There are 2 protein chains.
Amino acid sequence: MRKTKPEPALTAAEHKAAILRENRRVTSYDVALLAGVSQSAVSRCFKPGASVSKSTYARVMKAAAGLDYIPNAAARSLITRRSNMVALIISNFVILYHPGALAELSQQITRRGKRVLLFTTQHESDVEQILSSVWQYQVDGVIAAAALSEQQVQEFERRQVPLVVFNRNLHEQQVNSVFCDQYEAGRLMAAHLAAAGHRRFGLITGPEESPIASERRRGALEYLAEIGLPPPVIATGQFDYASGARGLREIVSRLGHAPDAVMCGNDLMAIGCIECARHELGIDVPGQMSITGFDAVEAASWPSYNITTMRQPIQKMAQAAADMLAALIESNGGEAEKRVFPPLLVDGGTARIAPSVRDSLAA
Amino acid sequence: MRKTKPEPALTAAEHKAAILRENRRVTSYDVALLAGVSQSAVSRCFKPGASVSKSTYARVMKAAAGLDYIPNAAARSLITRRSNMVALIISNFVILYHPGALAELSQQITRRGKRVLLFTTQHESDVEQILSSVWQYQVDGVIAAAALSEQQVQEFERRQVPLVVFNRNLHEQQVNSVFCDQYEAGRLMAAHLAAAGHRRFGLITGPEESPIASERRRGALEYLAEIGLPPPVIATGQFDYASGARGLREIVSRLGHAPDAVMCGNDLMAIGCIECARHELGIDVPGQMSITGFDAVEAASWPSYNITTMRQPIQKMAQAAADMLAALIESNGGEAEKRVFPPLLVDGGTARIAPSVRDSLAA
């Protein structure tokens, strides 16, 4: 005669009713009791990659379903000291003008089995306040699209929280980061325009507090000074459409005429600048004046604009950042690494570019 | 002689060294011991709004700073059964084309002292998988910009997790929601165009799976049928630039000529449609053909487009959703409420609109 296993004393429904009467949560012990296995076996069944026999797995899942059991992330976090969450610190500006970066980072993190705890800031300088929350949630790691101070970076080290800085080059800091070389992008754009014979430059730069804006500006200014061109007329914008138009008005009024070229700190300001030149000041672009952007956002490619700009490989950068963080979480650190992606000239229709450059782009 | 309080046996540094030797986390009990108060007093000091004396607070904060104590969100969550997190479920599409909605929701949630656990989906239909994660993290509530099934909504009720559905009208479902009336927006736009004498319509609608696209389409089709106009030629797009251009080509080729008006399911498709009409098909907009959009995104207002479109008050809607969720978390529910915001016609330059309508908009 076949030996049968003894049935558990209570059915799932009876067990559940008892828990309800006691007004408490279903725990892994309830599932273990009902399934006739140990609590640690239940725990292993809910841990990705843990070893467990097929029959145990089936019994545990049946019992868990019967009791509506859901493993508690907070309880697991206390035991494993991992929350399975990655904090993403990102400014409102990045969300509004580079939503693709956020979408890509979120997908890349999720694909690696982690959840995204999102922190948005009005200004990059608000980051201190955010960090105190980050410590409380014991996140597995952090991706920060923000300029962190040396003290803040050290705080990550001291607390042993893996950190990857996204699209910010923290000079002289030992920190894992993934970014596009904005200084080089500024130099390259200035070089292309100078090679095509532009002499008198206007610059509409992004806000003072943006490290990206200041790297691009520094690259352009240093290159133009090196080749002996007069210093450009500079207007400061806010990276938005309106300040592109305002910046062009300011530059033209200070110069008394249109410059040969206006380098805008991003595409959105370039669009404002183009619209102002066309519809308000009646300046022919690029016949009379060249206008360039940075970023290669989608709108820059629409036929009405077709902006000459610089592309950053945002998707590749997001993937690299997520990879780097995953490796840090597994390995518990090592030497800080900086992965620098080169910018790429997009030869649009708003700037005269030297024929030799055009040929090399086409090649 | 003044009575002095006995000093704690160990200094903060000694206490911390002992904890390090034991290779364990600093707990609220360590802080209590060092501060010479009870653990519950420490706990109250870190709970927003809890009552505690000034001197106790000062002693606890000093001890906490000395020990580098950070309250553990996971531990607190187990005790209070609240994680202080709000899950935000949002599709990639919404992030890419309505980044303002995400930025506003995140800010509104943060302003109310909650953290944002972000779940992004490729398709609205992926939501089932996301929900199992949501249950694990024991979030205080959920804002979902997704079409939930009746079963899914019931699961929220059963688990007593407060839910607000954002910008989706779940017909016949008792669920708290905040949305713009897309059906009405479709009717209104069709009515405006018909009143200005347009007779032959093309429709470039959003993807089948989008409830917003289908509401807008239904509103337009029902209105045009009611006033006895011929059924429009319909092309289906993906809400992106390319499908606006493709849609216009399809409509013109099926009709054999340009229709009087093309209603596009969103502004991005309208931009693709305008560029194709101007640069490819040589159709004068709005002289020969009117084109309209929906959403009033920023690009729609740029002079090169100046699109006739419908605005949804996204900022007000985000605020309303966050308010509603906060109230639900406090009150533990009540009658389901639907807050419906009316759409607003933006009288741009891409459609002929009846003078009477223009007058009423100007008034």
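Start with helix α12 of chain A, residues 241-255: it has 15 residues and reaches 22 Å from its first C-alpha to its last, close to the 21 Å expected at 1.5 Å a residue. The expected span is 1.5 Å times one less than the number of residues. Helices here are DSSP runs of H or I with at least four residues, strands are runs of E with at least two, and both are numbered from the N terminus.

Before going on, the conventions. This is a predicted model: local features need pLDDT of at least 70, side-chain atom pairs count only at pLDDT 80 or more, and totals for chains, interfaces and linings use all residues. Residues are numbered from 1 along each chain as its sequence is written, and chains are lettered from A and ligands numbered from 1 in the order in which they are written.

Back to α12(A). Its buried residues include A:Tyr241, A:Leu248, A:Ile251 and A:Val252; buried is 20 or more other C-beta atoms within 10 Å of the residue's own, exposed is 12 or fewer, partly exposed is in between, with C-beta atoms placed from the backbone. What do the buried residues of α12(A) pack against? They pack against β6 (201-205), β7 (233-236), β8 (261-264) and α13 of chain A. After the helix comes A:Gly256, with a positive phi near 85°.

Now chain B. Four strands form an open sheet in the order β7-β6-β8-β9, with parallel pairing; a pair needs at least two DSSP bridges. The edges are β7 (233-236) and β9 (290-292) of chain B, each pairing on one side only. From one strand to the next the twist averages 15°. β6(B) and β8(B) share four bridges, and B:Leu203 has B:Met263 as its bridge partner in β8(B).

Axes are lines fitted to C-alpha atoms, for helices over the stretch in contact, and angles run from 0 to 180 degrees between N-to-C directions.

Last, the contact between the chains. It takes 38 residues from chain A and 38 residues from chain B, contact being C-beta atoms, placed from the backbone, within 7 Å. On the chain A side, α7(A) gives the most, with seven residues. Across the contact, β2(A) and β2(B) run antiparallel, joined by three bridges, and A:Leu117 stands opposite B:Leu117.

Technical notes. Contact = placed C-beta atoms within 7 Å.
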